[in-house]
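Thanks for coming. I will go through a few loop residues, then a pair of helices, then the nonpolar cores. Please have the model open.

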Amino acid sequence: MFRGEECPNYSSGQNTIPFNSMVNIRHLLFLLLFIAGFASQANAQDHLLKHYTISEGLPSSTVYRMIQDKDGYIWLATDVGVTRFDGKKFENFTLADGLSDNEIMALKVDLKGRLWFMGFNGTVSYWYNNRIYNETSDTLLKNIKTHAAFVDFFEDMDHRLWFTAQGKSVIIKENVLEKPSLDEVPPSSIIINGKTGPLILSKTFPYLHNYKSGIATTLPQRYHLKSSNGYWIFNDGSILFAAREGIILQSDTTQKLIIPFNEKLQNSVQLDIEISTDSLLWVTTAYGLYCYSYPPSGSAPVIYLKNKIPSNVLADKEGNIWIGTLDDGLYMIPVWGRKVKVLNQFNGLPDNQCYAVHKAGNGTLFIGLNKGRVITIPSIDLGKMQEVEINAVNRLHHIVSSGNEVWFGSDVRMTHYNLKTGTAHNIYFKSPDSVLHPLGAVKDITVGKDKVYIVSGFSMYECRLSDAVKDKQGNVSHRFAHSILQSDIRMFSVFCDAKNELWYGTNGGLRSKKDNAIFDHSTEHLLLSKRINSIGQAADSVLIFATHGYGLLFYKDGHLIKQLTERSGLCNDICRKVFVHRNKIYVATTTGVSVISYLNEMVLNISNMNMGNFLPFNDINDVFVDDNEICVATMKGLAIISQKAFQKVRPVVSNLLIKEILANGISIEVATNVNLSPQQNSLKFNFTGIYYQAPDEVNYRYRLQESQAWKYTKNTSLEFPFLTPGEYNFELQARVQNGSWTPIKSFAFIIDLPFWKQWWFMLLIAFITCAGVYQFVKNRIRMIRKQQEERIRIDKQITDLEQQALQTMMNPHFIFNVMNSIQHFINANDKKAANLYLSNFAKLIRMNLTISYKRLIPLEEEIDYLMLYLSFEKLRFGDNLTYELIVDPAIDVGETPVAVMMIQPFLENAIWHGILPMNAKGHLTLEIKKEHEDLLKIIITDNGVGINSRYLHTNLYNQLNESHGLSMTFQRLRLLGKFSTHELYIRFKHHYPTSHNKGTIVELVMPITH
């Protein structure tokens, strides 16, 4: 029956104001303020009524209209712009943000989700997708103007948009504008859907008519519209509206008066209507906010804000009631606030500071106040409060009862009260000298079997219920307390358990008394050595200790079995009182009351009550609970909470929104699967969990990847700087206290790898690296080769120089030997031979000069030189020397280069050292073979005396040093061997090993040098 979210346009008429012209708006405002100033009834202040003013961030004390959008935000139309509220922050929008006017008179939402703002200057603008559109950004709005302010907006079943005004109205369908006359749509009308089309309700004649195809048809009606903002539309199209006579229910053209107004309300000019989720009808008037049951029961309405001017009322999705005023900002009545009775100075209590609360067996409620005052209430009726005179003097913070006996403990006195007789008297104890003293400074009281136990300072007393002193008339005049324990440590609490054993808490921890024995339990666990303020016992015999800073302790059979702290969900670790009722444990703390669902040593759930829900103040002194009510004594009054209401209310975050995402300080779209550049790796998330009853009680948990553990926070902003590249999915949930978590809100995004980490870039780098390495290696090899070639070139030059040096050294040696031969001929007087020898010698010298500066010569020239030399030596030896030359036919002697003068020393050595000492005919053979493509093998054979046997060793270098010619030849061969890939060698062996003249064979392997 009630308005649904799927039809936001069919909401209550809270977007209009009851003004007939722009001028009388100001006059009416002053009139309403005047009426409020002389209101006949004083406003009973209710601490559960939340008040938002400029101090809390509200931009103005004047609130015209309110609406809640699909995201849960509450929007306020004010005289300084439009404001969006999420429970914690007011965000104001003005002309600078795109509004068409700073004074917004009405708000409405259409089926497309556009939120329309209607300005006092006769213009409109709208909010859509986090942006405000006006006539500069939407040209259609240029034509939606009026000389008087628009007062309402309506979207009918044909999706026509009606902008009704104090003057001429505007209708839009498919971007086509129509401006009906004032007779067709009178000023300040409201539009509803009838069976035959739109129905127009107006404050002037005709009071009701339909408008179809540009034709207005008047319809009869009894009740006339009183206020253009005073209406509520149901989903079935029926409507509640305010007429002078009262609240009218109209279905199509049928009207019914359901709530009649008295004379005062009939004259009220400020009427708005709202129906809340708990079936209450709210009406704003010039005399406050009236709350009726709906359907109407005939009972008197509850009146809120009697001395204020409520301009608008709104029931949000949580069930809270919001009241805008024209002079005092914004008020909110929490959904649970209507189920809580708060007793304070404004409704009967003499003092706000409540220190103790207790309900006796007969249902009488006792409230302990300051200055020893006690208030009794036989039933929850403010008119029946009574004060009991007990002369307690100071703060009264302990109350217990047994039957008709009630015991009060204050800072300075212990008092007994009899419910039946209504008399009160003090408790006395006898000192050792039998002098009576009043018992004072009570720290705690507990009721045992026929006894009451009291702790005061360092002493414990018992007071027998049957022990009383009566006066002459038979009335109890006073009672006695007997000291049963004197301690050396201060006591703070006492409790008599189900077995009638006494447990007491001290400044040094837990103690117990059984019969006459005292037991110290502080050594059983470190936490049991701490101060204990209060003790209770659960149905499973577990003792519960309220500590002064260490939370709640659970103890059984000598063992500490559990500890609950703030981290577990308690309001505070400083626990003042503990009260056990059935399967719940109630803990009074300095910041609220924790309600613990407990069963068989298991904590099932923890919920908290504080100023955000149910309580007028967080500083709690005492709590008492029965099957019907939870009574909480606070420093700002007593809260009485219905058990049914408490069990029914479940704090739930109505909506969780990711409001904004900033990447490196720049806002990005809140979408999914967003790709971000490597530079957009510092993200900030701004979000809110909407829970208007207690926005500070909303907790959040989040993670960036599903594999991560949840992290918890109360902040509404999270920053993640310098995220590494990869895939992320930001997940967020919210809840109130230990309630259920909201569905996950997520934002999936990918931070791309920087280009230097992309596969193609890495492949490119690998290619460039390989190419660079290849080029480097290639250049290095080229350089090494060049260096090697240069080194080889230099080595060759050095070798050539060395060979030339050696070759040059051989010339004097050769000439020396020739000169010896010439001398021989001269000494023998053989002039002819000497002359011939000289002639041949000259020829040989000439040839030697020709080749001495050459490193290489053709083999043919070398052979010619050797043959000339052999013919020269034959002149000396005559017939005693014969020789022959054998050349391998495979050798092209003209094209085969050889080193100069490598063979001649061996021929000379064979003649001079082999044949000459023999004194007989000698024969010499020179054989030249091709050993390899690049090698020549020279074989020199003689039949002389043979070579010394020491030259037959493989290593001839040291031995050949004695022969200059052979030594230099050997060195030259070693130099040539540096540039040859083959083995070069000189070998000597005997030709006839067994003969006297052994002869010699010399094998020389030398390179064919190119």
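Ser 541 has a relative accessible area of 41%, so Ser 541 is partly exposed; buried means under 20% relative accessible area, exposed over 50%, and partly exposed in between, with a 1.4 Å probe and protein chains only. This is a predicted model, in which local features need pLDDT of at least 70 and side-chain atom pairs count only at pLDDT 80 or more, while totals for chains, interfaces and linings use all residues. Residues are numbered from 1 along each chain as its sequence is written, and side-chain values use heavy atoms, with hydrogens and water left out.

Back to Ser 541. Its phi is near 70°, a positive value in a residue other than glycine. Ser 541 sits in the loop between strand E48 (532-537) and strand E49 (543-547). Helices (H or I, at least four residues) and strands (E, at least two) are DSSP runs, numbered from the N terminus.

Ser 279 also has a positive phi, near 60°. The loop here runs between strand E22 (272-275) and strand E23 (280-285). Ser 279 counts as partly exposed because its relative accessibility is 27%.

One more loop. Between strand E24 (288-293) and strand E25 (302-304) lies Pro 295, and the peptide bond from Tyr 294 to Pro 295 is cis, with omega near 0°.

Now the helices. How many of the 12 residues of H7 are buried? The count is 11, and Phe 906, Leu 907 and Trp 912 are among them. H6 and H7 pack at an angle of about 15°, with their axes 11 Å apart. Axes are lines fitted to C-alpha atoms, for helices over the stretch in contact, and angles run from 0 to 180 degrees between N-to-C directions. H6 and H7 are therefore roughly parallel to each other, the term for angles under 35 degrees. Contact means heavy atoms within 4.5 Å; residues making it include Tyr 869 and Leu 870 of H6, and Leu 907 and Ile 911 of H7.

Last, the cores. A nonpolar core is a set of buried Ala, Val, Leu, Ile, Met, Phe, Trp, Tyr and Cys residues joined through side-chain atoms within 4.5 Å. The largest has 53 residues, and Leu 907, Ile 938, Ile 940 and Met 1006 touch the most other members. Helix H6 (residues 859-877) gives this core its largest share, 9 residues. Another core, of 35 residues, lies apart from it, with Tyr 52 and Ile 690 among its members.

Technical notes: Parallel < 35°, antiparallel > 145°, perpendicular 65-115°, else oblique.
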